[in-house]
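Work through these exercises with the model open beside you. Try each task before reading its solution.

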Amino acid sequence: FDKTRAAVLTGRVTVRLTNDSTVEHNVTIAQGSKTLGATKTITESTDTLALELAPGDYVFFCSVAGHRESGMEGTLTVE
């Protein structure tokens, strides 16, 4: 997670996660307490997630235990 903010246009949004590490990571997208989707939890590979998103603010984070708490999260703004 090298970004804490991102902005995209409304509609179909594709998130691509490339994890070169041997430590497991994923990208989860949520709005409020509702999880909208997530990539697979991966190591040393790539995965994608495609969602239809309406305008608003969303949160993206790694849902592996302890990762979000250590700062692996950010805000996704859909305009």
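**Exercise 1.** Is Glu44 buried or exposed?

*Solution.* Glu44 has 54% relative accessibility, so Glu44 counts as exposed. The cut-offs are these: buried is under 20% relative accessible area, exposed is over 50%, and partly exposed is in between (1.4 Å probe, protein chains only). Strands here are DSSP runs of E with at least two residues, numbered from the N terminus. Now check the backbone. Glu44 is not a glycine, yet its phi is positive, about 45°. Most residues other than glycine have a negative phi.

Two notes before going on. This is a predicted model, in which local features need pLDDT of at least 70 and side-chain atom pairs count only at pLDDT 80 or more, while totals for chains, interfaces and linings use all residues. Residues are numbered from 1 along each chain as its sequence is written, and side-chain values use heavy atoms, with hydrogens and water left out.

**Exercise 2.** Find the salt bridge in the whole structure and describe its partners.

*Solution.* Start with the rule: a side-chain nitrogen of Lys or Arg must lie within 4 Å of a carboxyl oxygen of Asp or Glu. The search finds one such bridge. Arg68 pairs with Glu73, and their closest N and O atoms are 3.1 Å apart. Arg68 is partly exposed at 31% relative accessibility. Glu73 is also partly exposed, at 34%. Side chains of opposite charge can pair when their charged atoms come close.

Arg68 lies over the face of Phe61, 3.9 Å from the ring centre. The rule for a charge over a ring is NZ of Lys or CZ of Arg within 6 Å of the ring centre and within 35 degrees of the ring normal.

**Exercise 3.** Which residues touch the most other members of the largest nonpolar core?

*Solution.* Define the core: buried Ala, Val, Leu, Ile, Met, Phe, Trp, Tyr and Cys residues joined through side-chain atoms within 4.5 Å. The largest one has 13 residues, and Val27, Ile29, Leu53, Tyr58 and Leu76 touch the most other members. Two or more residues come from each of β2 (11–19), β5 (45–53), β6 (56–61) and β7 (73–78). Now look around Val27. Leaving out residues up to four places away in sequence, its contacts (heavy atoms within 4.5 Å) include Phe1, Val15, Leu49 and Phe60.

Conventions
Helix = DSSP H or I, 4+ residues; strand = E, 2+ residues; numbered from the N terminus.
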